[in-house]
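Subject: Structure for your files

Hello,

Please find the structure below. My notes on it follow.

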Amino acid sequence: MIDPRLLRDDPDRVRAAQARRGESVAVVDDLLSADVTRRESIAAFERLRAEQKQLGKQIATAQGDKRATLLARTKDLAAQVKDAEAVQTEADAAFHTLMTSLPNVADERAPAGGEDDYVVLEQHGTIRDFDAEGFTARDHLELGTLLKAIDVERGAKVSGARFYFLTGVGAMLELALVQMAMERAEQWGFTPMIPPALVRSRAMDGTGFLGQAAADVYHLPADDMYLVGTSEVPLAAYHSDEMLDGSSLPRRYAAFSPCFRREAGSYGKDTRGIFRVHWFDKVEMFTYTTLEESYAEHERLLSYEREWLTALELPFRVIDVAAGDLGASAVRKFDCEAWIPTQGRYRELTSTSNCTQFQSRRLDIRVRGTGGTTEPAATLNGTLCAIPRTILALLENHQLADGSVRVPQALQPYLQGRDELKPAGSGE
RNA sequence: GGAGGUGUCGCCUAGUCUGGUUUAUGGCGCCCGCCUGCUAAGCGGGUUGAGGGUUCAACCCCUCUCGCGGGUUCAAAUCCCGCCACCUCCGCCA
């Protein structure tokens, strides 16, 4: 939810942001008129209610005839108060419904347009030339099969398409990445967390995932619970309905959790291997801070992602995601995309968003400042390591001619010092 | 799943049986001031949050806010119903 005051004071800014997202500008005028209706109904109700309270006080002390007269008057008034309250509740709900459907006000620096209108900010690492090295690169599934690290056939047998087993060195690789990610995050000042992956609608809705992204979320109707698509959800809801002391900020959390995504509308996309799956594990960074500090914090999260991918020796670029591709909560988003040799292009590995006060307004997370002031907290999130895509990038980028895979130096201590993963022998 | 108990301002707490003069009591913490070599202590004052009106802004005025939502009533922290969370016990399961 955006700041209602911004809507009232500077509707043109909201209109401009909507336009850059490619979304309705007219909704701003609907909101403005709903706000007027709402405020008028509040004033009307409060006038009647104040009168009722006044009379109630007199009744408490009145005696005899005087009391009877007052009772007769106020009985009628009670009905009017009730009606006015109903009108107000309705006007409030109408305003609120419109308000919650409005995405966050995109940052003016976020490029206008949709998915393809991103701007490349940086490029890191060197892309290997496999032709020059004298062999054809295998894709991650081939490599994963050779190494007996990835089993998608049995994943499909047991759970269906877009499921997989990580086996042997594949399983150990996940644990190594997780351990390395959590250790680094803790050194950077994040509190390690293992959050619930099953949440109530409040948490899911509060983080903005039951809006336009609802079709992508697994829902368990028997219990009205949701499987999270990212631990951003439980981490954002962690401090819901709380007042945070300003001096305790920033609060940084790093969570390891499974993620579940229905991938509705992505039929036929990335069907091979483990690039796009219904379930995966991820280490996610999350920060609570002030609006003022959020922009610097966003850069900081990006720098951690950069440092992480560099440690894994992966070639990647950073893009500034266009306004229309931000999702409802974010004002700005940076994606780190790793080079995927067999696809000949960069693909998203990590993503960091500044959600400013959008999620906090819905989840009621406030900060008490030094002067006793209160304001909604700002929330930010960033991927540190999404396991399957990271494994994919590692296998493809560090493969050798015989199907072995070189282990980047920083990861070696987490794999018993191994510097290479070798294809397993034949047979089961 | 069954039985019982609890939920009050950042934290603790009085008030609930017996509805109204409650502007929800007091303490801790915090903020401001006084005092004092400094600090602490002491003394005095302030301190729930959200929204609306007014305003350049503030002061100020009003409404809502006692876990959440409904109901009864002229009037609800207080009475009734539903839900949620926590605690104790029983059952079941890992």
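Among contacts in chain A between residues at least 6 apart in sequence, what percentage join residues at least 24 apart? The figure is 72%, where a contact means heavy atoms within 4.5 Å.

Two remarks on conventions. This is a predicted model, in which local features need pLDDT of at least 70 and side-chain atom pairs count only at pLDDT 80 or more, while totals for chains, interfaces and linings use all residues. Residues are numbered from 1 along each chain as its sequence is written, chains are lettered from A and ligands numbered from 1 in the order in which they are written, and side-chain values use heavy atoms, with hydrogens and water left out.

Overall layout

Chain A has 13 helices and 18 strands; these are DSSP runs numbered from the N terminus, helices being H or I with at least four residues and strands E with at least two. Along the principal axes, the C-alpha atoms of chain A fill a box of roughly 105 × 45 × 45 Å. Of the 428 residues in chain A, 49% are buried. Buried stands for under 20% relative accessible area, exposed for over 50%, and partly exposed for anything in between (1.4 Å probe, protein chains only).

RNA strand B

There are 24 residues around RNA strand B, and R49, K75, R200, R366 and T374 come nearest. A residue is counted as near if one of its heavy atoms lies within 4 Å of the strand. Helix α3 (26-61) is among the elements that each supply at least two residues of this surface, as are α4 (64-101) and β14 (365-368); α3 gives the most, with 12 residues. Of the RNA atoms within 4 Å of the protein, 75% belong to sugar or phosphate and the rest to bases.

- The side chain of R200 has an N or O atom 2.5 Å from a phosphate oxygen of RNA strand B.
- The side chain of R366 has an N or O atom 2.7 Å from a sugar or linking oxygen of RNA strand B.
- G56 has a backbone N or O atom 3.4 Å from a base nitrogen of RNA strand B.

Cores

A nonpolar core is a set of buried Ala, Val, Leu, Ile, Met, Phe, Trp, Tyr and Cys residues joined through side-chain atoms within 4.5 Å. The largest has 56 residues, and I150, L177, F190, W308, L384, I391 and L411 have the most contacts inside it. Helix α8 (residues 169-187) gives the most to this core, nine residues. Leaving aside residues up to four places away in sequence, L411 touches L173, A176, L177, M180 and L394. A second, separate core of 24 residues includes V217, Y226, Y253 and F286.

Strand β9

Strand β9 (residues 251-260) is largely enclosed by the rest of the structure, because seven of its 10 residues are buried. Strand β9 runs antiparallel to β10 (residues 279-289), joined by 10 bridges, and R252 has T287 in β10 as its bridge partner. With β4 (residues 191-193), β9 pairs in the parallel sense over three bridges; T191 stands opposite Y253. Pairing requires at least two DSSP bridges between the strands.

Cysteines

The whole structure has zero disulfides, defined as pairs of cysteine sulfur atoms within 2.5 Å. C259 is buried, with a relative accessible area of 0%.

Regards

Note on methods: Polar contact = N/O pair within 3.5 Å; in protein donor to acceptor, adjacent residues only side chain to side chain.
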